[in-house]
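Subject: A structure for you to look at

Hi,

Here is the structure I promised to pass on. Have a look at it first, then read my notes below.

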Amino acid sequence: MKEYRSLALIIIAIFVITLMGAYFSPTFEEQKTFLELFFLMGSLLFIFSALVIFATIGFGSFAIYGALFLAAVMGIYGVEGALLVTGMTYVIWGSIFAMEVLLVYHGLKSAQEWFQKRYTFKSFTLEYKIFYPMLIVAYIFLELIPSIFYRESFLKFSPPKILKVMERLLD
């Protein structure tokens, strides 16, 4: 619970400092820049909070809400904003999915329960194909690079083995 208070205080401090920068700026251009930064930070905070909520709900519900959210962002910020939200969504959701797959690959029970609550084998296979690049990136950053630095052994990445484990788990 303590870490949530620190996170909330950091977020509030960022917004307060940005608003103070806008208030104490000597020129209109600087004030405008700080206010744009304030609104951008608020938008990013909203996007990340929505992604955290959708990550707990599951991807099926996220697709519906994500489409409405993307339409709203496109209406407000245009195509560039929609591309930014789409890219961030792919990276964040793909990272969550890839980390959970790697945890299942290592035999962690809580990750197995996470997949059993949210997925069938068919839906897992679809997301597995979509987020395969994120799985490779997560494997490199979470398995390969640390094993090189610490000279420890690691599990070799095997996509067919992951699919077999998940097929047994989800069927």
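The second largest pocket has a volume of about 170 Å³. A pocket here is an open set of points on a 1 Å grid over the protein atoms alone, where a 1.4 Å probe fits, with protein on both sides within 12 Å along at least five of seven lines; lining residues have an atom within 4 Å of a point. The volume is the space filled by probe spheres set on the points, which are joined across faces, edges and corners.

Please keep in mind that this is a predicted model: local features need pLDDT of at least 70, side-chain atom pairs count only at pLDDT 80 or more, and totals for chains, interfaces and linings use all residues. Residues are numbered from 1 along each chain as its sequence is written, and side-chain values use heavy atoms, with hydrogens and water left out.

The lining divides into eight nonpolar, two polar and two charged residues (Ala, Val, Leu, Ile, Met, Phe, Trp, Tyr, Cys and Pro count as nonpolar, Asp, Glu, Lys and Arg as charged, the others, Gly among them, as polar).

Helix α3 also holds I96, which is partly exposed at a relative accessible area of 26% (buried is under 20%, exposed over 50%, partly exposed in between, with a 1.4 Å probe and protein chains only). I96 and L135 are 39 residues apart along the chain, and their C-alpha atoms are separated by 9.6 Å.

Q112, in helix α4 (residues 109-118), counts as buried because its relative accessibility is 17%. From Q112 to V165 it is 53 residues in sequence and 10.0 Å in space, C-alpha to C-alpha. R168 sits in helix α7 (residues 159-170) and, at 63% relative accessibility, counts as exposed. Between R168 and F121 there are 8.9 Å in space, C-alpha to C-alpha, and they are 47 residues apart in sequence.

Enjoy exploring!

Key: Helices (H or I, at least four residues) and strands (E, at least two) are DSSP runs, numbered from the N terminus.
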